[in-house]
Amino acid sequence: MKYDHQSIEIKWQRTREESGAFHCDHHSDKPKYYVLEMFPYPSGNIHMGHVRNYSIGDVVARFKRMQGFNVLHPMGWDAFGLPAENAAIKHGTHPAKWTFSNIDNMRTQLRRLGYSYDWRRELATCTPEYYRWEQQFFLRFFEKGLVYRKQAPQNWCPKCHTVLANEQVIEGLCWRCDSAVEQKNLTQWFLRITDYAEELLADLDKLEAGWPERVVSMQRNWIGKSIGAEIVFPLEGPGGSGNDGSITVFTTRQDTVFGATFMSLAPEHPLVEQLIDGKPEAPAVRAFVERIRNMDRIVRQSDDLEKEGVFTGAYCVNPFTGRRMPIWVANFVLAEYGTGAVMAVPAHDQRDFEFARKYDLPMQVVIQPEGDALDTAAMQAAWTEAGLLVNSGEFDGLPNEAAKQKIADSLEASGKGRRTVNYRLRDWNISRQRYWGAPIPVVYCDACGVVAEKDENLPVLLPPEVRTHEDGRSPLPDTPEFAECACPKCGGKARRETDTMDTFVESSWYFARYTSASKDDGAFDPAALKYWMPVDQYIGGVEHAILHLLYSRFFVKALRDCGYMDLDEPFANLLTQGMVLKEGAKMSKSKGNVVDPTEMIARYGADTVRLFCLFAAPPERDFDWSDSGIEGSYRFIGRIWRLAEELSGVLMPVKACSATAADAATPQGKDLRNKEHATVRKAGADISDRFQFNTAIAAVMELVNALYLAKDELSGDEGGRKVLSSAVATVLTLLSPITPHIAEELWASIGNTGRVTDEPWPQWSEEALARDEETIVVQINGKLRGRVSVPAGADAKAIEAAALSEPNVARHLEDVTVRKVVVIPGKLVNVVVG
Ligand code: ANZ
Ligand code: ZN
């Protein structure tokens with residue numbers, strides 16, 4: 001019979017779905033296992049990257065199910081976002097229509113791949129049934145002060161007509177469209193993720209066991225904790241009195257304070273105007289500040305930025321040395337970091353060193369490397385390494401690490417400063433000037449000010465009809481039905497917030513909603529949430545190492561603190577899968593190298609496509625899509641199909657690993673049974689340990705080869721048939737998570753009852769693996785010359801002796817000189833002769 005993958009696959013997809021085979025429930029005595037792949041944006045079609053991602057997740061889900069876990073494996077749609085609006089403008093449709101028709105199409109494509117989802121839990125984030133809970137979270141955050149409004153310069157994408165969070169600016173470009181990001185001063189809503197900086201950092205230690213090291217360290221760097229001190233520098237008034245206020249700096253090097261010879265302020269520092277007021281330097285300073293403010297932020301933050309500055313004409317005083325320090329404005333000092341002011345220590349900081357050389361500012365060595373004496377006149381660069389303190393009063397002679405502590409103590413005792421910690425992480429701007437997003441549930445009332453919506457007024461629905469703007473601006477501000485509203489407090493005329501939420505807000509909690517996706521009187525069913533969370537295995541692309549994965553971690557902690565859940569971290573284990581490339585390059589329409597999954601499924605079937613995605617490489621690694629690769633997978637499936645066909649009438653309906661030692665009485669029977677059990681052991685270990693599906697599949701391929709070699713000899717008697725049947729059952733059972741359709745089809749055709757995908761994962765036994773004798777192949781100069789049997793576990797000496805005395809081998813060695821004997825215990829002896 002021909003292998004008709006189309007009809008076989010569609011038949012089993014229907015059967016399994018109609019029987020609700022993958023529905024799950026939290027009322028269960030089994031241990032739970034929650035496996036989740038990052039949900040897709042409904043852009044139109046499934047691409048090969050999705051197929052790889054979801055195939056990995058599906059094998060994990062099915063494998064855990066076979067191991068006896070109660071498995072939750074859901075799928076849904078990250079359905080708000082800009083492409084829907086752009087498509088709507090281009091094609092004159094509504095974003096909702098475009099989105100839902102894409103969802104329908106992509107759902108069909110996923111079904112055709114045979115994934116074991118509990119489709120009852122499907123969700124789309126653009127529905128009010130979903131986003132109403134997000135609006136409720138917003139209200140709780142608002143009450144707790146976890147969300148607030150502020151005006152600040154923001155990242156603005158001119159093409160997307162919206163602001164972007166810092167995490168969404170990748171090397172100065174918009175994460176979505178690669179346009180250069182500009183700065184724009186706007187009043188926006190922020191989530192106070194910085195309140196959680198310390199916890200987000202500390203909990204990374206717990207994630208180290210289950211997350212890739214690279215992702216953990218990227219998050220650590222992004223949060224960017226710096227331990228140091230704040231030091232207060234009194235300003236020198238016109239009369240040198242020091243009573244005219246002060247400048248506070250943040251430093252990680254308080255041990256160098258005696259070497260601070262001038263002060264550098266950010267151009268945006270609020271004191272600048274006051275300091276230059278009435279001074280002759282004022283015009284030059286204003287011009288400089290204006291020029292730097294307009295500079296691209298990324299250029300400004302780059303290491304190779306040419307250091308520039310301007311003197312303000314004002315001075316402050318070093319509180320430790322009493323020295324007068326000129327105050328400069330410098331282009332490399334950032335307003336948003338620390339206090340926006342830096343005590344400049346040119347002898348020990350490279351930026352300050354370059355700045356001091358350029359503007360001829362004083363330099364003072366305060367850290368001396370042991371056994372050397374730095375001379376400021378001769379220094380070519382700042383000394384930034386460790387050393388002993390000099391020119392530092394009572395602290396002289398201390399190693400600088402110890403001095404850090406002593407000087408911090410002194411700061412706190414004298415009131416000149418204090419220990420402090422700084423983070424790079426900034427609060428998360430969640431306002432977006434877009435239509436296709438969740439409305440922010442806030443109104444502005446002339447009488448009452450900023451007023452949060454009432455719970456009973458949720459959801460704040462997006463208006464279904466809007467007039468889109470050709471230039472891509474959001475239509476919401478000019479949609480009176482939406483924008484004009486009543487104040488929830490005084491009932492008077494008010495205006496609704498017309499910004500919508502960043503779509504990364506929706507993806508920060510969808511994983512928790514799956515546990516109770518259809519609940520309509522609350523965001524989560526507490527019992528279901530408690531049972532299923534955290535996600536045991538999360539799988540997705542490494543491009544989310546910071547963005548989505550950091551936001552989700554924060555969101556869970558914030559929801560916990562609002563009483564929604566009792567959970568610290570959402571994802572216990574994370575797998576970041578590699579990309580599917582074509583000829584070494586990322587697949588893209590512009591390169592014309594896209595391989596369409598639908599076409600591949602039509603030609604080879606879903607099982608072959610799944611198999612290839614899993615066999616081509618370990619999951620974390622990139623792999624190249626190749627015709628020969630997919631052909632190879634197709635041939636392997638054909639080989640299994642033919643094996644079952646050739647053995648029809650021989651095979652009987654039995655379970656994996658069911659043949660007994662008595663069934664396997666002949667040497668061939670024994671060997672095959674042994675191979676069967678060894679394959680189960682290897683495949684199980686490879687999948688459990690780091691999801692090495694490729695080597696697990698290779699092991700099953702070897703078992704299939706062994707079946708082909710043994711089948712004729714074993715078909716003759718009852719015991720042999722039993723051994724063959726058991727090994728075939730094992731092949732089908734082990735392959736069922738990977739290629740479920742053909743496994744199910746052949747399982748049924750052999751006459752088995754039940755479904756192979758409902759079978760338990762097979763158990764290997766020590767007894768079957770143990771061998772009393774091993775066959776060793778003997779080669780001379782790489783040519784096969786004989787086989788010998790030795791006791792299992794024999795040592796190299798014994799194996800060599802047996803090999804050399806084998807009659808045929810001995811004959812070939814008669815007139816030659818043996819140069820070397822290589823023994824690989826359990827396998828082979830190679831005699832090198834000359
Ligand atoms: C004095 C000093 C002496 C410093 C020395 C370094 C070496 P991280 O580790 O990144 O936190 N700094 C502080 N605020 C700044 C700002 N807003 N813009 C630019 N630079 C700023 O770096 C902390 C160090 O960066 C601080 O320690 C400060 O320079 C500088 F030998 O203070 B240091
Ligand atoms: Zn953009």
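Trainee: Which residues are the protein donors of the zinc ion (ligand 2)?

Mentor: Donors are N, O and S atoms within 2.8 Å of the metal (3.2 Å for Na, K and Ca); water is not among the atoms, so sites may look incomplete. Here they are Cys157 (SG), Cys160 (SG), Cys174 (SG) and Cys177 (SG), at 2.1 to 2.5 Å from the zinc ion (ligand 2). Some ground rules. This is a predicted model, where local features need pLDDT of at least 70, side-chain atom pairs count only at pLDDT 80 or more, and totals for chains, interfaces and linings use all residues. Residues are numbered from 1 along each chain as its sequence is written, chains are lettered from A and ligands numbered from 1 in the order in which they are written, and side-chain values use heavy atoms, with hydrogens and water left out.

Trainee: What is the geometry of the site of the zinc ion (ligand 2)?

Mentor: Ideal angles are 109.5 degrees for four tetrahedral donors. Four donors count as tetrahedral if all angles lie between 85 and 135 degrees. The angles among the four donor atoms here are 95 to 123 degrees, and the site is tetrahedral.

Trainee: How are the donor residues of the zinc ion (ligand 2) spaced in sequence?

Mentor: The spacing is C-x2-C-x13-C-x2-C. Cys157 lies in strand S3 (residues 147-157) and Cys177 in the loop between strand S6 (173-174) and strand S7 (182-191), so this pair ties together parts 20 residues apart in sequence. Strands (E, at least two residues) and helices (H or I, at least four) are DSSP runs, numbered from the N terminus.

Trainee: Is Cys160 buried or exposed?

Mentor: Buried means under 20% relative accessible area, exposed over 50%, partly exposed in between (1.4 Å probe, protein chains only). Cys160 is buried at 3%. Cys157 is buried too, at 0%. Cys177 is partly exposed, at 21%.

Trainee: Which residues is Cys160 in contact with, leaving aside neighbours within four places in sequence?

Mentor: Contact means heavy atoms within 4.5 Å. Cys160 touches Leu82, Cys174, Arg176, Cys177 and Arg434.

Trainee: What is the order of strands in the open sheet of four strands?

Mentor: Strands of a sheet pair through backbone hydrogen bonds, either parallel or antiparallel. Two strands pair if DSSP finds at least two bridges between them. The order here is S11-S12-S10-S13, with mixed pairing. Strand S11 (309-317) and strand S13 (341-344) stand at the edges with a single partner strand each, so one side of each has no neighbour in the sheet. Strand S10 (residues 262-265) and strand S12 (residues 324-330) pair in the parallel sense over three bridges. Ser264 stands opposite Trp328 in S12.

Technical notes. Four donors count as tetrahedral if all angles lie between 85 and 135 degrees; four count as square planar and six as octahedral if opposite donors are over 155 degrees apart and all others between 65 and 115; anything else is irregular.
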